[in-house]
Amino acid sequence: MSISFSQLMASAAFQDGVLALTIPGEWMQGRTTYGGLSAALCLETARRAFPDAPPLRSALVSFIGPAGGPVTGRAAMLRQGRSVTFVEADISGEKGIATRCAFAFGGARPSQWNRTFTAQPAMPAPEDCAPFIPEGMGPPFARHFDARLAKGGRPATGSKAHDHFIWVRHKDEGADGVVALLALADMPPPALMPMFTEFAPISSMTWMVNMLTDAPATRDGWWLMESRAEQAGDGYSSQDMLVWNRDGELVIAGRQSVAIFA
């Protein structure tokens, strides 16, 4: 029986400051938990530990080691200022820390600045795009998402493009809110991967996410995601990542460092 994102989060117990749950194989990416889920679990831990924290503004995610099966989450307050609260959260498995996040939560303040300088490029609607991953292919976790290729290439197809646009949504209609969005935002493979001529191992090392709105929302569950490789060398790649909602509003700006073995 498949376990949806919302079912998995509902299964997480929280007692004495510790989040505990078991990651099923269908949410794995190779030998570890899918990175977006790992980050989401850190955020869920922080939210349960400090429920009065203001909206999430930024996350710094380090993917330190593998974990699957039984995992635990712990969070600690680093600093609580007048408007910004810093919280650190870890997810650990039997081999130790797997993912460590530093979150900045911040309340809204009056400001003369309310502008977006990065417009969503014209893209076909998700209904007009072909599936990004062919049926029955891709890592296990990818089956929990509906992904459509708007522009660019598919993994390991020798694409000449280093900039890819993918419409993504949870298949689980109950997956909603910032935690669910963070889980989804790491779904696209690294931007360099479509340029591969054959499949080879990859591993995200760090991920920086800036949340650009208090309460991100979209229509029909769809989010447009851009992944753009900037440089690759010495077995590592750097990329930018942007996420817009269905109405073209920019909601996430991020960066990622990826280890490549090709």
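This report walks through the pockets, cores, cavity and a few selected residues of a predicted model.

## About the model

Because the model is predicted, local features need pLDDT of at least 70 and side-chain atom pairs count only at pLDDT 80 or more, while totals for chains, interfaces and linings use all residues. Residues are numbered from 1 along each chain as its sequence is written, and side-chain values use heavy atoms, with hydrogens and water left out.

Let us start with the open spaces. Rolling a probe the size of a water molecule over the atoms shows where empty space is left. Here the search runs on a 1 Å grid over the protein atoms alone: a pocket is an open set of points with protein on both sides within 12 Å along at least five of seven lines, a cavity is a set of points where a 1.4 Å probe fits but cannot get out, and lining residues have an atom within 4 Å of a point. Grid points are joined across faces, edges and corners, and a volume is the space filled by probe spheres set on the points.

The largest pocket holds about 980 Å³ of space. Its lining is made of 39 residues, and Q29, G30, P139, F141 and I202 are the closest to its centre. At least two lining residues come from each of β4 (32-33), α2 (35-49), β8 (96-106) and β12 (202-211), with β12 giving the most, three residues. Helices (H or I, at least four residues) and strands (E, at least two) are DSSP runs, numbered from the N terminus. By class, the lining of the largest pocket has 23 nonpolar, 13 polar and three charged residues; Ala, Val, Leu, Ile, Met, Phe, Trp, Tyr, Cys and Pro count as nonpolar, Asp, Glu, Lys and Arg as charged, and the others, Gly among them, as polar.

The second largest pocket has a volume of about 570 Å³. Of its 17 lining residues, R57, W113, N114, L212 and T213 are the closest to the centre. Seven nonpolar, six polar and four charged residues make up the lining of this second largest pocket.

In soluble globular proteins, nonpolar side chains tend to be buried together. A nonpolar core is a set of buried Ala, Val, Leu, Ile, Met, Phe, Trp, Tyr and Cys residues joined through side-chain atoms within 4.5 Å. Buried means under 20% relative accessible area, exposed over 50% and partly exposed in between (1.4 Å probe, protein chains only).

The largest nonpolar core has 57 residues, and F5, W27, L37, F103 and W207 have the most contacts inside it. Leaving out residues up to four places away in sequence, F5 touches W27, L37, A40, H170, D172, A175, V179, A180 and A183, where contact means heavy atoms within 4.5 Å. A second, separate core has ten residues, including C129, L224, L242 and L250.

Helix α3 (residues 178-185) is mostly covered, with seven of its eight residues buried. Those buried residues are V179, A180, L181, L182, A183, L184 and A185.

One cavity of 30 Å³ or more is counted, and the largest cavity holds about 40 Å³. Its lining consists of F132, G153, H164, I166, P188, P189, P190, A191, P194 and S227. Seven of these lining residues are nonpolar, three are polar and none is charged.

S159 sits in the loop between β10 and β11. This serine counts as buried, because its relative accessible area is 14%. Beyond residues up to four places away in sequence, S159 touches G153, H164, P194 and M195; G153, H164 and P194 also line the largest cavity. The side chain of S159 reaches the backbone nitrogen of A161 at 3.0 Å, a polar contact (a pair of N or O atoms within 3.5 Å; within protein, one must be able to donate a hydrogen and the other to accept it, and residues adjacent in sequence count only if both atoms are side-chain atoms).

## Two positive phi angles

A156 lies in the loop between β10 (145-151) and β11 (163-170). A156 has a positive phi of about 55° although it is not a glycine, and is buried at 15% relative accessible area.

D16 is in the loop between β1 (13-15) and β2 (18-23). Phi of D16 is also positive, near 55°, in a residue other than glycine, but D16 is exposed, with a relative accessible area of 73%.

## Strand residue S237

S237 belongs to strand β14 (residues 236-245) and is buried at 5% relative accessibility. Its side chain reaches the backbone oxygen of Q231 at 3.2 Å. Not counting residues up to four places away in sequence, S237 touches L192, A229, Q231, A232, Q256, S257 and V258.
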